[in-house]
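Good morning, everyone, and thank you for making time for this. I would like to walk you slowly through one structure, so please keep the picture in view while I talk.

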Amino acid sequence: MRLFKLSLLLVFVTIFSCSKKGTTATRKWLIPEGQVRDGGPGKDGIPSVDNPQFIAVGEVDFLQDDDLVEGVVYKGKQRAYPHAILDWHEIVNDDFDDISYALTYCPLTGTGIAWDRVVDGQLTTFGVSGKLYNNNLMPYDRRTDSYWSQLKLLCVNGTLIGTEAATFPTIETTWKTWKKMYPNSEVLSKNTGYSRNYGVYPYGGYKTDNDYLLFPNSINDDRLPSKERVLGVLNKGANRVYSLNLFATPKVIFDTLGDDELIVIGSQADNFIVAFRKGDLDGFTLDLSQLPVLGMDNAGNALTIDGRIVEGPLSGTRLEQPISFMGYWFAFGTFYAGIGIYE
Amino acid sequence: MRLIVYFSFYLIVLRCGNVQGQTCCSGGAPLMTSFDIGTNGPDGSYLAIGLDYEYNSVNKLVDNNRRLENDPRHRSGQNLLLKIDYIHDAHWAFSGLLPMVIQQRTTFSESERASGIGDLTLLGQYSKPLGSDMSLRLSLGAKLPVGNRFRRDDRGIFLSPDMQPGTGTFDFVGRAAVLRQHFIIPNLTNLTAVSYRYNTTNPHFGDPQRQGGRRFKFGNEAILSTSFNYLFVLNAWFVLPDAGVRFRYASPNEEEGSRAPNSGGYWMLIPVGVQFQPNEGLMFRASVEFPVWEDLAGLQITTDLKVGVQIRYFLEPGTRDRDRSGID
């Protein structure tokens with residue numbers, strides 16, 4: 001009887017044992033703690049791709065022309081990361097030439113951003129924490145186990161709290177446009193080490209249903225439909241979005257954002273928008289017939305989609321690029337409250 | 001009334017079968033496998049106290065009806081259920097079920113665990129004979145949100161609804177069952193039942209002050225089941241092996257009023273067990289349940305195996321015969 005009672009006590013103690021309290025460092029957040037959601041799978045429950053394999057454009061058999069890809073162009077080489085794979089893994093830790101980045105993609109906010117994996121002077125990899133802030137991916141770095149906000153580009157919890165993420169430029173466009181521009185590029189392979197139904201979108205009608213969000217946002221800005229795709233430009237504290245719908249007819253926009261003059265070029269049909277600091281360009285005439293070349297300014301400087309000038313007096317230089325990436329409108333309206341909309 | 005110390009705990013199998021792909025498992029109190037209340041006391045009323053333990057391994061990654069490999073997640077649910085039945089007479093019986101729940105979520109980088117009291121369920125059952133060896137059993141009940149649903153991880157973030165011991169909602173359950181003893185051959189018993197659970201929405205998940213938070217609703221659930229057991233007598237013990245089949249449907253969960261992706265679906269499960277009754281006052285049962293087919297909405301992790309044991313103690317057993325139906 002005594003042994004039975006002791007056993008009973010042990011059972012209750014075991015069952016009622018609480019979860020760990022955590023250190024002071026792990027309980028401090030730069031964002032409202034109550035707005036961080038547990039998405040369900042747990043840390044690394046959505047596995048990142050840590051040993052990416054690449055194939056040639058001609059070997060790709062799992063993409064349709066209108067499927068989106070995130071592209072990185074660096075030192076004359078190009079790599080594409082299809083959304084069809086990113087939807088299932090959200091982070092690809094890659095080494096490309098002499099740079100190392102994590103291609104982070106959040107399916108719920110539609111935002112793809114390449115983060116420098118050298119943080120605080122040390123190389124790390126990023127994983128999917130399983131947490132969401134305003135429906136946006138929260139990566140964690142494996143070296144310090146700190147949590148980051150993708151759209152705030154900031155470490156918000158852990159020993160690196162307050163550290164800003166450095167980024168590399170990316171280009172989001174369709175597979176059709178990408179392979180036309182870069183037929184010799186490398187494409188992330190489905191050989192990720194995981195069996196997944198790549199090509200089947202895992203969130204049902206989420207992409208097109210403007211009323212459907214998985215979790216409530218802290219700010220709801222209805223100036224545009226929530227799932228309208230826009231380019232968000234973050235220029236040293238001055239921010240603005242440019243809707244893809246603006247470019248139903250391909251066009252060039254000259255705009256002033258903060259202290260900089262920008263040149264924004266887009267085409268809805270080719271499904272891209274890019275933004276650069278105008279620099280020394282003198283006007284610009286759009287010509288998309290020779291993509292990735294976008295056209296030429298009045299001085300004969302030919303500009304490519306990744307910001308290089310490949311012809312003319314400024315040949316060999318490249319335009320500076322503010323931080324910019326495509327995403328759903330609601331994400332920018334939430335994370336950058338009051339953000340300007342170019343009209 | 002003689003009360004012997006054994007709180008025969010019914011370990012309730014917290015069925016973690018409805019599992020979402022990005023947010024997994026259904027939490028809250030297990031109900032649907034613990035409905036039946038035996039009413040085989042010939043005269044007078046009596047109490048039965050039970051304890052069930054069940055371990056639910058959720059390790060199978062399924063995309064619609066295709067199994068996928070290399071899932072980095074492992075989920076498990078352990079449930080310890082205290083069940084107290086009051087059998088008033090041959091027609092009326094009442095039951096209270098209180099679970100203690102342990103939910104665990106493990107990946108290669110982290111293991112998270114939440115435990116605590118789950119929701120309380122109160123049931124009433126009416127039995128009506130349909131013949132000498134057949135009876136109809138109708139049950140209705142409600143699940144009361146007394147369980148803990150504010151468990152956090154070590155960074156202070158509320159765990160997802162499926163990781164919480166409780167649900168925060170009033171839910172309702174109903175069941176109709178037909179029990180047939182000496183079915184086709186002597187000592188063979190069949191129980192066929194249809195059950196339904198209606199879940200309400202928690203409008204303030206994650207907010208203990210119930211002013212904010214988010215709206216979450218577990219999908220409703222329907223089960224059609226049939227099972228058989230056969231009575232042997234070995235050294236004066238009643239031994240009843242049993243087997244059956246269970247078809248389960250769960251509607252998708254809802255987040256903020258919208259259908260949550262990767263939740264809901266259809267399952268077919270095979271439960272197998274064996275029950276021992278050494279005397280009128282005691283019953284033991286061991287069981288295992290295998291999922292043999294599923295067709296799920298989207299990508300989900302789901303149960304690959306469930307094992308359980310039950311102990312039940314009948315107070316004042318002299319007033320009742322041992323249950324030959326094996327359904328207690």
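I will begin with confidence, then turn to the domains, the cores and finally the contact between the chains.

Please keep in mind from the start that what you see is a predicted model. For chain A the average pLDDT is 92, and 93% of the residues score at least 70. There is one stretch of chain A, residues 17-21, where pLDDT stays under 50, and for that stretch the model has nine contacts beyond four places in sequence.

Now to the layout of chain A, which is divided into domain 1, covering 30-188, and domain 2, covering 229-341. If you take the C-alpha centres of domain 1 and domain 2 of chain A, they lie 22 Å apart. Where these two domains touch, 20 residues come from domain 1 of chain A and 18 residues from domain 2 of chain A. On the domain 1 side, the elements of chain A that give two or more residues are strand 7 (111-116), strand 15 (171-174) and helix 4 (175-181), and strand 15 gives the most, with four residues.

Which residues have the most contacts inside the largest nonpolar core? They are A:Y81, A:L103, A:L231, A:I273 and A:V274, in a core of 85 residues. This core lies between domain 1 and domain 2 of chain A, because both of them give residues to it. There is also a second, separate core, of 10 residues, which includes B:Y53, B:L81, B:L98 and B:I102.

Let me return for a moment to A:Y81, as an example you can find on the screen. Once its neighbours within four places in sequence are left aside, A:Y81 is in contact with A:V69, A:E70, A:L86, A:V92, A:L103 and A:L188.

Finally, we come to the place where the two chains meet, a contact that takes 44 residues from chain B and 38 residues from chain A. On the side of chain B that touches chain A, strand 4 (92-106) and strand 5 (111-117) of chain B are the elements that give two or more residues. The largest share, five residues, comes from strand 5 of chain B.

Technical notes:
Residues numbered from 1 in each chain as written. Chains lettered and ligands numbered in written order. Predicted model: local features only at pLDDT ≥ 70, side-chain atom pairs only at ≥ 80, totals over all residues. pLDDT = per-residue confidence, 0-100. Contact = placed C-beta atoms within 7 Å. Domains from an automatic or database assignment. Core = buried A, V, L, I, M, F, W, Y, C linked by C-beta atoms within 7 Å. Buried ≥ 20, exposed ≤ 12 C-beta atoms within 10 Å, placed from the backbone.
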